[in-house]
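Please keep the model open while you read.

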Amino acid sequence: MSLRALTDVLHSISPEAAREFRLIDRLFFHDKGSAAVKARTFLELVINKVLDLERDNINMSSIFYAKLADKISYLVAEGFVGQDIQLAMNSVRKIGNKGAHDGSDITYPDVFSAHKNAHRVAVWFLELYSSQHFEAPEYEEPKPQSDLKTSEIESMVKSYLKENGLIQDQKPE
């Protein structure tokens, strides 16, 4: 299953979470702080959806109004989330908070961790709550996206090399 298929299945359960998940990938190389915040927003949407889906099994109605950290702790204490997913959730939460307060402090290792842990949370969520057959895709590192075509890139590189005397124009014979 591809990342696109993962977001399609996610969209069937929570369109808002799917939108934020896609934005993490799109913003990764352009705005690290915003990508971190989108990861946190994705996490919050997923947790709120879990709480909504498990409404009949929740013993504390005030949890719906609690801080994100308290919601994560509640889900762990009630057995909805294991330690590995708790660690992933807390990592995304902390990095997202850091991005929200000072996005310039977010490093590529931070946003990479948030991206990877958001993927873990998405897979966990879909394995538990998707009514469709779900086969978890392997994690894929984000790749820079460019609107440039290969021929445009080649032309820019040749131009740069010529301007800097690293290659000479080839004259027709």
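α2 passes α3 in a left-handed crossing, meaning that the near helix is turned anticlockwise from the far one by less than a right angle. This is a predicted model, in which local features need pLDDT of at least 70 and side-chain atom pairs count only at pLDDT 80 or more, while totals for chains, interfaces and linings use all residues. Residues are numbered from 1 along each chain as its sequence is written, and side-chain values use heavy atoms, with hydrogens and water left out.

Helices are DSSP runs (H or I, at least four residues) numbered from the N terminus.

| Helix pair | Angle | Axis separation |
|---|---|---|
| α2 and α3 | about 160 degrees | 8 Å |
| α2 and α6 | about 155 degrees | 11 Å |
| α3 and α6 | roughly 20 degrees | within 9 Å |

With about 160 degrees between them, α2 is therefore roughly antiparallel to α3 (over 145 degrees).

Next comes α6 (residues 108–129), which packs against α2 (residues 15–27) at about 155 degrees. That makes α2 roughly antiparallel to α6, and the crossing is again left-handed. Phe21, Ile24 and Asp25 of α2 touch His115, Ala118, His119 and Ala122 of α6. Four of these contact residues are nonpolar, two are polar and one is charged.

How do α3 and α6 run relative to each other? They are roughly parallel (under 35 degrees), and α3 also passes α6 in a left-handed crossing. Ala39, Phe42 and Val46 are among the α3 residues here, meeting α6 residues that include Ala118, Trp124 and Phe125.

Finally, the largest pocket holds about 240 Å³ of space, a volume filled by probe spheres set on grid points joined across faces, edges and corners. A pocket is an open set of points on a 1 Å grid over the protein atoms alone, where a 1.4 Å probe fits, with protein on both sides within 12 Å along at least five of seven lines; lining residues have an atom within 4 Å of a point. Of its 16 lining residues, Leu3, Thr7, Phe21, Arg22 and Asp25 are the closest to the centre. α1 (3–13), α2 and α6 each give two or more residues to the lining, and α2 gives the most, with five. The lining has five nonpolar, five polar and six charged residues.

Terms used: Axes fitted to C-alpha atoms, helices over the stretch in contact; angles between N-to-C directions. Parallel < 35°, antiparallel > 145°, perpendicular 65-115°, else oblique. Contact = heavy atoms within 4.5 Å. Nonpolar A, V, L, I, M, F, W, Y, C, P; charged D, E, K, R; others polar.
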